Protein chains: 4
Amino acid sequence: MGDDYALIGGVFNQDHARALRFADQLALDPGRTYRDIEALIKGESALAPEDRMQVVTVATPNFLHFAMAEKLIDAGFNVICEKPITTTVAEALELAQLIEARRVVFAVAHTYTGYPMVRQMRAMIAAGLIGAVQKVHAQYYQGWINPVIRDPALRRSVWRLNPAMGGHSCCIGDIGVHAFNLIEYTTGLTVSELLADIDMLEPSNALDVDGNVLLRFTGGVKGVLCASQIATAEENNLQIAVYGRTGALKWSQENPNRLQHLQEGKPLSIVTPGHAFNELVARQASKLPPGHPEGFIDAMGNIYRGVAMAVRGQAHDAHDFPRIEEGVRGMQFVEAVLASARDGNRWKPIQDR
Amino acid sequence: MGDDYALIGGVFNQDHARALRFADQLALDPGRTYRDIEALIKGESALAPEDRMQVVTVATPNFLHFAMAEKLIDAGFNVICEKPITTTVAEALELAQLIEARRVVFAVAHTYTGYPMVRQMRAMIAAGLIGAVQKVHAQYYQGWINPVIRDPALRRSVWRLNPAMGGHSCCIGDIGVHAFNLIEYTTGLTVSELLADIDMLEPSNALDVDGNVLLRFTGGVKGVLCASQIATAEENNLQIAVYGRTGALKWSQENPNRLQHLQEGKPLSIVTPGHAFNELVARQASKLPPGHPEGFIDAMGNIYRGVAMAVRGQAHDAHDFPRIEEGVRGMQFVEAVLASARDGNRWKPIQDR
Amino acid sequence: MGDDYALIGGVFNQDHARALRFADQLALDPGRTYRDIEALIKGESALAPEDRMQVVTVATPNFLHFAMAEKLIDAGFNVICEKPITTTVAEALELAQLIEARRVVFAVAHTYTGYPMVRQMRAMIAAGLIGAVQKVHAQYYQGWINPVIRDPALRRSVWRLNPAMGGHSCCIGDIGVHAFNLIEYTTGLTVSELLADIDMLEPSNALDVDGNVLLRFTGGVKGVLCASQIATAEENNLQIAVYGRTGALKWSQENPNRLQHLQEGKPLSIVTPGHAFNELVARQASKLPPGHPEGFIDAMGNIYRGVAMAVRGQAHDAHDFPRIEEGVRGMQFVEAVLASARDGNRWKPIQDR
Amino acid sequence: MGDDYALIGGVFNQDHARALRFADQLALDPGRTYRDIEALIKGESALAPEDRMQVVTVATPNFLHFAMAEKLIDAGFNVICEKPITTTVAEALELAQLIEARRVVFAVAHTYTGYPMVRQMRAMIAAGLIGAVQKVHAQYYQGWINPVIRDPALRRSVWRLNPAMGGHSCCIGDIGVHAFNLIEYTTGLTVSELLADIDMLEPSNALDVDGNVLLRFTGGVKGVLCASQIATAEENNLQIAVYGRTGALKWSQENPNRLQHLQEGKPLSIVTPGHAFNELVARQASKLPPGHPEGFIDAMGNIYRGVAMAVRGQAHDAHDFPRIEEGVRGMQFVEAVLASARDGNRWKPIQDR
């Protein structure tokens, strides 16, 4: 990453004086420490193309993603955007059209797809190593909202629980969408329909902090996705299990280097990164000798590397990154969950990709 | 157990010659190796009460449980019965009435409640150590049906997949009911409503081999229960997680001696059997020094010990065993799951206990 | 086991009144509840051979093992004896001669060799699945002596720390000998030489409570064995790792169903009991479906079953149990450790088997 | 790290044309891509102090460490040096004197001390949370040399197995020294004496590829350290366990976020990074929310950050890094191991720090 990226400037704070102090600490050019996104676009666009920021990351509260990303893309900037990329599907589709029109590189921060063993999992399923998928299970359990959820004052301090800033969903939009992305990323399947039950826990709380979702995939496979921010004292317990006709693959984010490969009639096999026997995508995502744990930052680095290669026109399957399509899918998922919960827990379709 | 139980006789096989050979191998009295349940009841009843079989275990295919248990109870025998105890709720309730009338000891083979750390979990929740329960997650994943499910000939060889022998449900009735029992046993909560989606996988297969169930408890708590027999190459992956206001407890059958206790603002704590700091029920269920794994047979032994004490009139909280009520609850669960799935995945009530 | 064993009588307590109360609780014949080992031998020998106790278990403090076992064997009884079987090698060899002369079945309580995955490990090494052994590592860490070791009064309450009752060694004799037995059992190799450092921790403590032992095997392979009873708060952390030219096998008693099979150039493989792909010895030692944990009691049960079959003359490789040879080896090991420590940590030979 | 470090130049290859191609790929100044260390020192020294390289990393085969580090330090450069920092203790002491004289910042690449949970371990022991240390166990098992060790041709391709390039030790110097450093780092104890047995495995191989070391600490505590590069198919299995009077701490590099805290009379506690309850040093070493794994690169980054702060004169306990003292200790350890093995496995002193 060090070779691919250097931090040049940005909009670091709503309070410009603070932003300048931050830039000073990092020895950044104060002239490229902008007041707002409009100023950034204006200032950078005035530079020669080779001197401009090559990639701009949007990592604000959810309600700002769309407006900022739209302006940046419209002005021809490559963008890495936090998820959920917008607060509605309609906005997400608008972004998708604009990206198509402006021909910029756009990535969604689905960090987990940067883990070597997640890429290994996808490659093994695609290669038919577990047979046709017949059941999918994913869960993302956190507990961090638990200490604030019952105290309205504390709750107001959390932007994710404020519909004006976080959008229509808290738990599903923030972490459910990661589990959803991981399912479609690893299996290559498309969720066609879902049925959801969500929980606000407290009557005075407006947004979901827990949800259980039944899934149906194109082709008839069934699955389940559970997400929670009130799973008390859980850290970032994201897990996925995909069962095929002849084998299964299981991965857990809290121990991300051990991909479990279950096979009918054989012992359990534990696949780890850094080995010659791994799939190409996993080998290229792995930068360390076997046995050295690769962390979350490395996963994000893999995403960033893919973007850098795309910016340079070197795009390559083995350096994949989540694109606008995944962002749109995520919003479709969130809206379908909310619709199912709102409509008495009925099945809701998700449009095909 | 050795002190509590001795195998005296029984109905060991439909083929009486084989049953006699079996009895001979075990040096059992051929005179107490009966042709059928009616002969057993007649033969044993002819003996003086102190010489009769004290407890009869019913461990046949599901469709025979009710008829056998009914006759035994009616004749005054204490019974340990496999689950699901009947094939319908109506039959289960009939048994309940008969047990009440005949005043016999009746236990359901919910083996998992015999594990020391499951008993510890229940005691800790009851003592308020995790606060009021706010979310429940249970799953029971097996893969053993996977190799037979797609071949109709092989499938016919499995009585659990034959409605005439297994009853109306395969996966939910066989293992979903264990997860359900574990939820109500550990939390003390009552499931009031559920919504289910089940999967037969193959059009020619009549019974569920996978199911995902959304749960609502009396008082408003929500939960999820997942069961599968097509989770390829899984062995007996039964897990339960209960999240309370201030902490959580997680247990997994495949590593049954490590009860995880998550607490807000504190490190994860791993409770193991055999320690003085454990709850009474766990201490009494544990017969080994710390660090020696206690197995499935020991769990079943704990259930049997409770039954033996009840037979002797020494019943005691710390030597609990699953009774008819749990059997009825199990059948209510199975029927509600089937009804929800049949009725377009709608919520179905479960009657209060 | 239930079919193989019934408890008939014994010497249950030095205080005969207490022994009789114990027998009464278990509904045992008071006439076969003996005052001492001499009375037992006399009483049982007076019965017809087919009515006599078939097997007598010696599970007393160490200093009594030899005297009791010697008398029982001399009188023709089959014996299961706790380890260390004697307090000196000389006594152990004397027992060996007597067993040979009287042609009785004799087993040492090396329980750990009854675990299915330990038997699997031995069979896999013998089958050449990891190539020629090139390194061995074993450890047995407990912490139970830690709370008593510094208080002389508490210490006196523990017979293992009293040379008059426990013999010349505490830690090495009690648990080091298990690790040693496991090494020779699984590898089939013979330790030819060792160098040891032991720790009494407190000047006023006479016996070792910790020891580290360097090993050399016939053929030149090297290894290490660590044992401790002051590994604070450890439960029964017994582990063994055997590295061969092409692979390795690792087993841990606290999670005894997961045998790790490391292979050069392949993913880690986890072997579990109950599968058709396992070795015969493991399959015959395993009585449960895959995924159900098998415990310590089951391990002991496997040893007992082997003894029962030997008593019946049905001895068979797959129902192995530790014999006098293992008992002698254990004593040779203990004496060599003490000699090396006494002699300035020099290498000491262990006689070949 | 991004803010602290930028790669400016260096000596990248013995073949200067290759070094220039490498620099070009990274868009580095070819004028600062030097032919050798002398050219680097000359070129950088010609620049104004504020424009010079602030830190130079020495990451060559072992035999070059001393010569390069000596010249750099003598010329006033801050240095981060791979371990073992020299091939003899004498050279290491020479470096120490020079560092003292030139007042430069010098760090040894003991990466493992950068892990948040290793720093937490040290802080907890220092705070008395496990009581006085009474036993220490460390091991570092790798298998990477196994496939080359028996083939002399392959062996020659590995510089670590060539005494001319790797120095007097392979296994102990490369990884044993890490385990040794971790012991002294976490416990604060000083090893005063050791007794070692090493293994070259093949007669034609000159350097140790495996070693077991008995340890004695100032104050009488005993311990054991095992290192191997022929532990077939092990990846980077580095573990340390420290047992105190009232508790113990256990850490394993392959799952570095889970520090096990054993306490007498209490359940096992698992400490993870990112929590407010952690010690300051761990909190400052941790850059991620709880549950996101921190990897090896992050550990190294923590070391680098400490160096950057020292260079800026901001040195602070919580941003510690391994210094020359640790480098000297490492060499003392390696020499003592070799001496003990050479001298018939006798105890050898290690000079006090």
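1. A salt bridge here is a side-chain nitrogen of Lys or Arg within 4 Å of a carboxyl oxygen of Asp or Glu. By that rule, eight salt bridges are counted between chain B and chain A. One of these joins the side chains of A:Glu234 and B:Lys250, with an N to O distance of 2.8 Å. Between chain C and chain A the count is zero.

2. The model is predicted: local features need pLDDT of at least 70, side-chain atom pairs count only at pLDDT 80 or more, and totals for chains, interfaces and linings use all residues. Residues are numbered from 1 along each chain as its sequence is written, chains are lettered from A and ligands numbered from 1 in the order in which they are written, and side-chain values use heavy atoms, with hydrogens and water left out.

3. Chain B and chain A are in contact (heavy atoms within 4.5 Å) through 43 residues of chain B and 43 residues of chain A. About 3400 Å² is buried between them, 46% of it on carbon and sulfur atoms; buried area is the accessible area (1.4 Å probe) that two parts lose on being put together, summed over both. On the chain B side, B:Gln134, B:Lys135 and B:Thr232 lose the most area to chain A, together 17% of what that side buries.

4. The rule also finds 31 residue pairs in polar contact across the interface of chain B and chain A, both residues at pLDDT 80 or more. A polar contact is a pair of N or O atoms within 3.5 Å; within protein, one must be able to donate a hydrogen and the other to accept it, and residues adjacent in sequence count only if both atoms are side-chain atoms. The side of chain B that touches chain A has 15 nonpolar, 15 polar and 13 charged residues. In this classing Ala, Val, Leu, Ile, Met, Phe, Trp, Tyr, Cys and Pro count as nonpolar, Asp, Glu, Lys and Arg as charged, and the others, Gly among them, as polar.

5. For chain C and chain A, the contact takes nine residues from each of the two chains. The buried area is about 750 Å², of which carbon and sulfur atoms give 65%. C:Pro267, C:Leu268 and C:Phe277 lose the most area on the chain C side, together 56% of what that side buries. Two residue pairs are in polar contact across this interface. Strand E11 (residues 268-271) of chain A and strand E11 (residues 268-271) of chain C pair in the antiparallel sense over three bridges, with A:Ser269 and C:Ser269 as bridge partners. Helices (H or I, at least four residues) and strands (E, at least two) are DSSP runs, numbered from the N terminus, and two strands pair if DSSP finds at least two bridges between them.

6. Within chain A, seven of the nine residues of strand E5 (residues 191-199) are buried, so E5(A) is largely enclosed by the rest of the structure. Buried means under 20% relative accessible area, exposed over 50%, partly exposed in between (1.4 Å probe, protein chains only). Eight bridges join E5(A) to the antiparallel strand E6 (residues 210-217); A:Asp197 is partnered by A:Asn212 and A:Ala196 by A:Val213. Two bridges join E5(A) to strand E12 (residues 348-349), also antiparallel.

7. E6(A) and E7(A) form a hairpin with four residues between them, and A:Gly219 in the turn has a positive phi of about 100°.
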